[in-house]
Amino acid sequence: MAKKKCVMFGLTTFAQMLRVYMERYSDVEVEAYIVDAQYKNSDEFDGLPVEAFENIEKVYPADQYSVIIGLGYSKMNDLRKQKFLQVKEKGYAIQGFIHPSVIESMKECGEGNIIFEGAVLGYNVKLGNGNIIWNGCNISHESVIGDFNHFSAGTTLGGKTVVENNCFFGMNSVIRGPKTVADYTLVGAGCYISDNTEPYGVYVPARSVHLENKKSTDMM
């Protein structure tokens, strides 16, 4: 069976990695990269052609290609959101990716979500659009996730947690459910959230301390 065709938005390391995952674990093949014309410095990237986004319809028409957004969490995910909406305005479907090892019992899953290996999305989870969920995340039962959020590896959400839009969760952060994580919340790596957050809030854990007068062999 012929694979579905798509183009990748972005000339990033993340985009290169995502291409490998898609071609290895899905029925979608990336045939080119696209980028805004002002950032197009070459006709080739990662062994594939590069085309200006402004010209995409002429070369990769929407009735034959989808677009996957190979951008990360820059500007609290606003860059990814902006490009997602611009692509939609041109009439393209936004391609998503779910690794085959993901365990999920979702009630709803929107467009353009990228979910990496070993993630768990529990019973009746609702997932919006354009989210990135890295390996080993646990989104517990009946949680509701908005749009354009970034969950770093090992993030855990308790049951019935509500995550609004454009939030960032650092590695191994934990949200006690049922709480609400407001728009544009930044949760640092290893942070534990036990109450609702405020919009645009920044939450970080206590910093680790280097015991300068101790050696590891003195401790164990």
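**View A. Ile34 faces Glu51, which sits in strand 4.** This is a predicted model, so local features are shown where pLDDT is at least 70 and side-chain atom pairs where it is 80 or more, while totals for chains, interfaces and linings use all residues. Numbering starts from 1 along each chain as its sequence is written, and side-chain values use heavy atoms, with hydrogens and water left out. Helices (H or I, at least four residues) and strands (E, at least two) are DSSP runs counted from the N terminus. Strands 2 and 4 (residues 48–52) run parallel and share three bridges; DSSP has to find at least two bridges before two strands count as paired. Strand 2 (residues 28–35) has six of its eight residues buried, so the rest of the structure largely encloses it. Here buried means under 20% relative accessible area, exposed means over 50%, and partly exposed is in between (1.4 Å probe, protein chains only).

**View B. Strand 1 meets strand 2.** Cys6 has Val30 of strand 2 as its bridge partner, and Val7 stands opposite Ala32 of strand 2. To get from strand 1 to strand 2 the chain goes through helix 1 (residues 13–25), giving a right-handed β-α-β crossover. Right-handed means that, with the strands pointing away from the viewer, the path from the first strand over the helix to the second goes clockwise.

**View C. Five strands make an open sheet in the order 3-4-2-1-5, with mixed pairing.** Strand 3 and strand 5 are the edge strands, and each pairs on one side only. Strand 5 (residues 66–69) has Ser66 and Ile68 pointing one way and Val67 and Ile69 the other, and all are buried. In a regular strand, side chains alternate between the two faces of the sheet.

**View D. Asp36 sits in the loop between strand 2 and strand 3 (44–45).** Is Asp36 buried or exposed? Its relative accessibility is 11%, so Asp36 counts as buried. Setting aside neighbours within four places in sequence, Asp36 is in contact (heavy atoms within 4.5 Å) with Phe9, Phe53, Glu54 and Lys83.

**View E. Another open sheet has seven strands in the order 6-9-12-15-18-21-23, with parallel pairing.** Strand 6 (97–98) and strand 23 (202–203) are at the edges with a single partner strand each, so one side of each has no neighbour in the sheet. Further in, two bridges join the parallel strands 12 and 15 (residues 150–151). Ile132 has His150 of strand 15 as its bridge partner.

**View F. Trp134 lies in the loop between strand 12 (132–133) and strand 13 (138–139).** Which side chain makes a polar contact with the side chain of Trp134? The side chain of His150 does, at 3.2 Å. A polar contact is a pair of N or O atoms within 3.5 Å; within protein, one must be able to donate a hydrogen and the other to accept it, and residues adjacent in sequence count only if both atoms are side-chain atoms. Beyond four places in sequence, the contacts of Trp134 include Phe14, Met17, Phe116, Ala119 and Phe151. Trp134 and Glu117 are 17 residues apart along the chain, and their C-alpha atoms are separated by 7.3 Å.

**View G. The largest nonpolar core has 21 residues.** A nonpolar core is a set of buried Ala, Val, Leu, Ile, Met, Phe, Trp, Tyr and Cys residues joined through side-chain atoms within 4.5 Å. Leu121, Ile133, Phe151, Leu157, Val163 and Phe169 touch the most other members. Not counting residues up to four places away in sequence, Ile133 touches Ile114, Ile115, Phe116, Ala119, Leu121, Leu127 and Phe151. Another core, of 18 residues, lies apart from the largest one and has Met22, Leu48, Ile68 and Ile114 among its members.

**View H. Searching the whole structure turns up zero disulfides.** A disulfide would need a pair of cysteine sulfur atoms within 2.5 Å. For Cys109, the nearest cysteine sulfur belongs to Cys137, 14 Å away. Cys109 is partly exposed, at 39% relative accessible area. Cys191 is in no disulfide either: the sulfur of Cys167 is nearest, 13 Å away. With 6% relative accessibility, Cys191 counts as buried.
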